[in-house]
Amino acid sequence: MTARDELMELLRQFTVETDRYVDVASARDSLHRTDLHALSIMMGAAQAGLTVTPGVLREELNLSSPATTALVDRLDSAGHVTRRRSDVDRRQVHLELTNRARTTGAELFAPLGRHIDAVFEEYSEDQLVLLRDMMQAVTDATVAARNEAADKAD
C-alpha cells in the first residue's frame, strides 16, 4: 500500500471515529446530530460576525422548512438559542447562541480538542502549517465532491 493509499484510509478512519465521538458526546446531553451541526454552524457564523437565520440553517443542513422549525424549536427549548426579530426587517428571525450553548459545546468537544492538541505538540510550527494547508485543501476537495454529487442528484 502506498503512502497515498494509507493517508486516504486514515482520513476515512478519522471521519468514522469523529462520527463515533460525536454520537457518544451528544448522547450525554441528549442532542441530535443535526442539533450539533446547527450549533457548529452558528458558532462559526458568530466567530465570523455573521447572523444566522432559520433559512441559513435550512440551506446549510439541507432540511425542509418543517424540519428546520422543529430543529430551532428543540434548540430554543433546550436553552441553546434565542430568537430575535431583525431590527431592519421584522419578518426575519435571527438566531443567537446562548451561554448555555457555548458551555455545552465546550464541554462536548474539550476532550477531543485536548487529545488532538497533544498530538499537535509533537510537530514543529512549519509542519503544522503544512498539515493545516493540506487539511484546508482536503476540506475544499470534500466540498467540491459534495457539490458534484448534489449536481448529479438534480
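Two residues are said to be in contact, or to touch, when they have heavy atoms within 4.5 Å. The model is predicted, so local features are given only at pLDDT of at least 70 and side-chain atom pairs only at pLDDT 80 or more, while totals for chains, interfaces and linings use all residues. Residues are numbered from 1 along each chain as its sequence is written, and side-chain values use heavy atoms, with hydrogens and water left out.

## Overall architecture

The secondary structure of the protein chain comes to 6 helices and 2 strands, where helices (H or I, at least four residues) and strands (E, at least two) are DSSP runs numbered from the N terminus. From the N terminus on, these elements follow the order α-α-α-α-β-β-α-α. The C-alpha trace spans about 55 × 40 × 30 Å along its principal axes. Of the 154 residues in the chain, 19% are buried; here buried means under 20% relative accessible area, exposed means over 50%, and partly exposed lies in between (1.4 Å probe, protein chains only). Among contacts between residues at least 6 apart in sequence, 48% join residues at least 24 apart.

Two packed helices are described by the angle between their axes and the distance between the axes. The axes are lines fitted to C-alpha atoms, for helices over the stretch in contact, and the angles run from 0 to 180 degrees between N-to-C directions.

Helix α2 (residues 33–48) and helix α3 cross at roughly 115°, with axes that come within 11 Å. On the α2 side this contact is made by Thr34, His37, Ala38, Ile41 and Met42, and on the α3 side by Leu57, Glu60 and Leu61. By class, these residues divide into 5 nonpolar, 2 polar and 1 charged, where Ala, Val, Leu, Ile, Met, Phe, Trp, Tyr, Cys and Pro count as nonpolar, Asp, Glu, Lys and Arg as charged, and the others, Gly among them, as polar.

Helix α3 (residues 54–61) also packs on helix α4 (residues 65–77), at an angle of about 115° and with the axes 10 Å apart. Here α3 contributes Pro54, Leu57, Arg58 and Leu61, whereas α4 contributes Ser65, Thr68, Leu71 and Val72. This contact has 5 nonpolar, 2 polar and 1 charged residues.

## Pockets

On a 1 Å grid over the protein atoms alone, a pocket is an open set of points with protein on both sides within 12 Å along at least five of seven lines, and its lining residues have an atom within 4 Å of a point. Grid points are joined across faces, edges and corners, and a volume is the space filled by probe spheres set on the points.

The largest pocket holds about 1,600 Å³ of space. It is lined by 33 residues, of which Thr18, Asp19, His37, Ser40 and Thr139 are the closest to its centre. Helices α1 (3–28), α2, α3, α5 (99–120) and α6 (125–153) each supply at least two residues of this lining, which divides into 17 nonpolar, 11 polar and 5 charged residues.

The second largest pocket holds about 600 Å³, and Leu11, Phe14, Phe120, Met134 and Met135 lie nearest its centre among its 15 lining residues. Helix α1 gives the most to this lining, with 6 residues, and the lining comprises 12 nonpolar, 1 polar and 2 charged residues.

## Individual residues

| Residue | Relative accessibility | Class |
|---|---|---|
| Asp35 | 2% | buried |
| His80 | 2% | buried |
| Glu96 | 31% | partly exposed |
| Ile41 | 22% | partly exposed |

His80 sits in the loop between α4 and β1 (81–85), and it touches Leu31, Leu39, Leu75, Glu96, Leu97, Thr98, Arg100, Ala101 and Thr104. Glu96, in strand β2 (residues 93–97), touches Met42, His80, Val81, Thr82 and Arg84. The C-alpha atoms of Glu96 and Met42 are separated by 7.7 Å, although the two residues are 54 residues apart along the chain.

Note on methods. 1 Å grid on protein atoms, 1.4 Å probe; cavity = no way out; pocket = protein on both sides within 12 Å on 5 of 7 lines; lining within 4 Å. Lists of a residue's contacts leave out its neighbours within four places in sequence.
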